[in-house]
Number of protein chains: 2
Amino acid sequence: MTNRDPEESEPVERGTAERALDVAERLVQVRGFNGISYADISAELGITKASLHYHFATKADLGRALIDRYAERFAEALRLIDRERSDAPSKLDAYAELYAEVLRGERMCLCGILAAEYQTLPEPMQGAVTAFFDDNEHWLEAVLAEGEAKRALKLSAPRREVAQGILGTLEGAMLVARPYGDPTRFDATARALLAGLTG
Amino acid sequence: MTNRDPEESEPVERGTAERALDVAERLVQVRGFNGISYADISAELGITKASLHYHFATKADLGRALIDRYAERFAEALRLIDRERSDAPSKLDAYAELYAEVLRGERMCLCGILAAEYQTLPEPMQGAVTAFFDDNEHWLEAVLAEGEAKRALKLSAPRREVAQGILGTLEGAMLVARPYGDPTRFDATARALLAGLTG
DNA sequence: GTCTATAGGCAGATAGAC
DNA sequence: GTCTATCTGCCTATAGAC
């Protein structure tokens, strides 16, 4: 369990900007970027909107910082998986579990929900969203390559396509599961997906 | 090709309410419900916001009408598939093609994009979104049952779970493909999904 | 059914005091 | 860094004339 929610951690010293990102991240993962406002965030934080603007001049700045931090934390989680899991199937299992954790927090993947709003996002945010997906797919491709080399995985399509398929499938399973408030909807799809790769 | 875009069809007589739904549907499928306004719709329609309020008193009413009409049209497309396709694999193929068509129009599935915004939707819209998913899954379950009976499909999980997996996978493949403006990203995932069922 | 006009609220953002 | 105060603009929605 690496991808801990900062808001649930021990109360270490955190600056206002960091705490603002914590609140904004959760709100966006629940309501979407177009569904939240400076008022929402600053109210939860106990400061004024003007103070929040001091840390993030524009909403685009805030959104960009949100994605960058999320992507970094996700990348760190992937490095931890590489260290702690030895074979490809186990790594893919841990990867799916990252998504399941997010969903159990009643949230959508940050970049998944931003993908839905993609056409309305300021440009710097758009680039950061696809960069997140690209990073994930590259990591998945490496895992798939390792799995093929060690005969632990059998792919029926090019690695790149399979990697894209894994990402899309997990994002979609989250997307549909959340309205039902039922994380097990996600689990079944994830299990079937991974079973199809080891088959 | 059943699910034709009314805006691209021959100019048959259409009332203002219908034309408003056409415009709103496209806008929501591109920008999301929180990303559009009465001003956007009425401007494209060449009428005032007040006139639009005559047809749809509140935005919630408009949204509800949007989903209901979309769901009806989708259900009609499914009935056509049942009539024109004889075996389960072919039906699933046609089902995936419905999604591919939407994506080629640079749109997201209406209910897929609304699922992302679910927590901010007025209640009547929330119920209509899950009802759409439920309808789709019931149809898929029936197709899967037929495919199993005729030994055309081999399922490695309960029909219900497989149906949920198909829906989620296709929605997710659309969600991620759209930011890249590359419909082929969707096709690869859809093909692999169906191949795994006939396997 | 469509219009003009407008209400009332909230959005993102800024100026300037402390 | 945080505040109060304020601006401008857009939002949903309504009143009432035509």
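1. Basis. The model is predicted, so local features need pLDDT of at least 70 and side-chain atom pairs count only at pLDDT 80 or more, while totals for chains, interfaces and linings use all residues. Residues are numbered from 1 along each chain as its sequence is written, chains are lettered from A in the order in which they are written, and side-chain values use heavy atoms, with hydrogens and water left out.

2. The same surface serves both copies, since 100% of the contact residues of chain A recur in chain B (contact: heavy atoms within 4.5 Å).

3. Helix α5(B). Helices are DSSP runs (H or I, at least four residues), numbered from the N terminus. The 17 residues of α5(B), residues 88-104, should span 24 Å at 1.5 Å a residue, and the end C-alpha atoms are 24 Å apart, which agrees; the expected span is 1.5 Å times one less than the number of residues. Because 13 of the 17 residues are buried, α5(B) is largely enclosed by the rest of the structure (buried: under 20% relative accessible area, 1.4 Å probe, protein chains only). Glu106(B), with a positive phi near 60°, follows the helix.

4. Cysteines. The count is 0 disulfides over all chains (a disulfide: a pair of cysteine sulfur atoms within 2.5 Å). The sulfur of Cys111(A) lies 5.4 Å from its closest cysteine sulfur, in Cys109(A), too far for a bond. Cys109(A) counts as buried at 2% relative accessibility, and Cys111(A) counts as buried at 0%.

Technical notes. Helices (H or I, at least four residues) and strands (E, at least two) are DSSP runs, numbered from the N terminus. Buried means under 20% relative accessible area, exposed over 50%, partly exposed in between (1.4 Å probe, protein chains only).
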